[in-house]
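Hi,

Here is the structure I promised to pass on. Have a look at it first, and my notes on pockets and salt bridges follow below.

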Amino acid sequence: MSYRVKVDLLADGKAKPVGCRVCADGLVPAESVYGYSGYVPAGVNFAGYAQGAGRYFVCDNDAVYVSGNGNSFVKLDDASGTPFLIEEIKDGAPRAALICGSRAFTHTGTVYSAFEYGADLKCGVMRRGRLFGSDGSKILWSGAGGIDDWKQCMEGGGSLTPDSGQGEVLELTEYGDKLIAVRKYGLTVLNFYGTPENFSVDIAGAEADGIYKGTARVAGGKLLFFTSSGLKSYDGTQVKAVKHRFAEDVSSPVCSAVLAGRYYLGCNSAHLNGGAVLCYDPDAGDSYLIDADARAMCTAEGCVRVYNAEGAHKIEGGGRFTFESGVTDFGTQGLKTVKRLFVNSDGVDVVISNGAVSRRFYSASGIIRPNLRGKSFTIRLSGKNAVSALSAEAEVMDAV
């Protein structure tokens, strides 16, 4: 005697979508990476875009480079230190300033200059006409005149030293009307309103484990960041772990970006056995991978730009995707035969494997009859067409 068991493969929480996403409509193409010709330094480790000046900036360990199109860069100047990019209004016009240690490299889109700017910072943001930054241990701010104004006075520049318990300051970021110091072991909320004499540490109780620099971004109304135990979120009250399908897969992040409410993380993937971009959608609560090795990223002109030793790339919609189901044994431990796969699509390539034998079907749609025997199976799809339904049906011998 035998009986049949059917499983919905799109409902599998262990499935691995790459370049596609699982949603109410089924499996749909999402995003892929596209390369563009041009020069990018092989050791690129930072990327930023200044909208006001219309210029892209990248850095390696020794220099800063600039581009007008984001694809091909020319060396601007020698540079060292930890870079970050801000934009300000100077003499009534927008100006980009790339900060590297104690030097600033400014660009208006037509005029470039470099100078010592009055501090030695590793991170910072512009807020109400002042540059707020950190050298790792202290929080510093310029006068209301911007990065050129570091005169120490009641209305001018100043500093404070937060409690050392949360470790080094890695980033400063705005979260709503709050200024957050992202530190090695937690978040410090800074009460920086009004005039400098009222600046103070507001809350210092949001603890976290081993935060990675370059991963803190605001998306979906929350501050997202990556720690040694995975992706976390902060909602203004507490830090929580973020659950998503690639939570056990990704590690070692180096950069991040946000576009249209989605969070992008340049990291390593065990599934892809190398560099990848994790895309997490806070509204949907789900994630997918993009097959791209991101050493630096920035959001610019309606897309996410990715940079690595191979050059400049864009993450854009469409392209070829892959989807791999989790291992399924149809709820039984013994041998069974997969008699039927159902793929509702205009055509995708399908591979079913029992771990030893694989069977392939090209441009498949509708009912597939693999007749593959084994104890457990994986099903892999690849293609460009959406899949509104994907199921597998196995015949199981009744041992009774």
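Let me begin with the second largest pocket, which is lined by Arg-21, Val-22, Cys-23, Ala-30, Glu-31, Arg-262, Asp-281, Ala-284, Asp-286, Ser-287 and Tyr-288. (A pocket is an open set of points on a 1 Å grid over the protein atoms alone, where a 1.4 Å probe fits, with protein on both sides within 12 Å along at least five of seven lines; lining residues have an atom within 4 Å of a point.) Its volume is about 190 Å³, counted as the space filled by probe spheres set on the points, which are joined across faces, edges and corners.

Before going on: this is a predicted model, where local features need pLDDT of at least 70 and side-chain atom pairs count only at pLDDT 80 or more, while totals for chains, interfaces and linings use all residues. Residues are numbered from 1 along each chain as its sequence is written, and side-chain values use heavy atoms, leaving out hydrogens and water.

The largest pocket has a volume of about 1,300 Å³. Its lining takes in 41 residues, with Phe-46, Ala-47, Phe-84, Leu-85 and Arg-217 nearest the centre.

Now the salt bridges (a side-chain nitrogen of Lys or Arg within 4 Å of a carboxyl oxygen of Asp or Glu): there are 16. Asp-135 and Lys-138 form one of them, at 2.8 Å from N to O. Arg-295 and Asp-293 pair up too, at 3.0 Å, and so do Arg-380 and Glu-324, at 3.4 Å.

Cheers
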